[in-house]
Amino acid sequence: MREQNKEIIMGRKTFFIAPDVTLLPESYLEDYLSHGYEAYIIGEDHLCPLRKKVEMIISLFEDSILFFCIDSEIEGIDWRIYIRDLQKEYGSHLLIGVLYSKRTNETEKKQIEKYYLYDVGIQCGCIALEYQRAKNFSLIDKVMFANQASGRRKTVRAICEMTSEINFQYKKVQYKGRLMDISLNHFSCIFETSCNLPMYEKIPAALLLVDGMRLRSDALLIMKRQKGSNDLFIFMFLKEDGTPGLDAEMYGKMCQKIYQMVTTKTKNLMRQVFAAAAKQSDDSRITTEAIISGVLSALD
């Protein structure tokens, strides 16, 4: 499997299954990414049945959290039975949460919580969404934090295209290299020629070209390690005042860019897997693993 495909698949991801986008709009996902949460909305469409999509997601992204929105009406799905069967089949290997619209009837709320939390035994909570969607952002954010939706990473890292580069001058020497990956806090690169930059040295006004977007920022060299036959240099962004990170305006632009870089590749992969699954849905001899393997092999 190509390194890039491994990077797409690795890392914990959160999937909101069939949400009411008036309560959980897709615009929230970009902000969740800045908190370290890579999240996606999965809906029902004509391309592939929702059940099949969930099956593919579970097999493709083994370290994932699935939040099912049980107020959505999906043909052929009884959420109580469906979630119970998934929990029974996968047990502790699958992290499941439930989202539903806030109930005015307290008894109904307690019945929902008892069933999913105690009778079924889901691990990621049973969350009542507010009717005012502005309140739901922080509500879901807290739930994702509690369930370690960021996994082992502190920030989401995007793999850069071949055309992404870094350019700066240090002590009258011009350095140019290829950007390998980038986050809201760090980036790594490989230089075209031998580079003897001292560790923990501040680089003023480094110019980065990140998948077509230009940005200029101070940076600090914090690590150097071997990557194949090359030296990989890892830098931390510095603000104008010398503290770690990007200045506010550039932070917003970079957050938007990283979200696009990360999610576009993952969405494209899912789209191809879903399309392949839809084509093979009538042939019970073809397993989920075989469908995913076929798609990944075609991408290599």
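**Figure 1. Salt bridges across the model.** The structure holds 15 salt bridges, each being a side-chain nitrogen of Lys or Arg within 4 Å of a carboxyl oxygen of Asp or Glu. This is a predicted model, in which local features need pLDDT of at least 70 and side-chain atom pairs count only at pLDDT 80 or more, while totals for chains, interfaces and linings use all residues. Residues are numbered from 1 along each chain as its sequence is written, and side-chain values use heavy atoms, with hydrogens and water left out.

**Figure 2. D63 paired with R12.** Here the closest N and O atoms of the D63–R12 salt bridge are 2.8 Å apart. The two residues are 51 residues apart, with D63 in the loop between α3 (50–60) and β3 (64–69) and R12 in the loop between α1 (3–9) and β1 (13–17). Helices (H or I, at least four residues) and strands (E, at least two) are DSSP runs, numbered from the N terminus. D63 is partly exposed at 34% relative accessibility, whereas R12 is buried at 15%; buried means under 20% relative accessible area, exposed over 50%, and partly exposed in between (1.4 Å probe, protein chains only).

**Figure 3. K109 and E113 in helix α5.** These two form a salt bridge with closest N and O atoms 2.9 Å apart. Because K109 and E113 are four residues apart in α5, about one helical turn separates them. K109 is partly exposed at 23%, and E113 is partly exposed at 22%.

**Figure 4. The buried side of helix α8.** Take a look along residues 288–299: these twelve residues should span 16 Å at 1.5 Å a residue, and the end C-alpha atoms are 17 Å apart, which agrees. The expected span is 1.5 Å times one less than the number of residues. T288, I291, I292, V295 and L296 are buried in α8. They lie on the same side of α8, as they cover an arc of only 125° around the axis, taken from the directions from the helix axis to the C-beta atoms. On the face turned away from this buried side you will find the exposed residues E289 and A298.

**Figure 5. S188 in strand β9.** S188 belongs to strand β9 and is buried, with 2% relative accessibility. Beyond its neighbours within four places in sequence, S188 is in contact (heavy atoms within 4.5 Å) with residues including R178, D181, L232 and F233.
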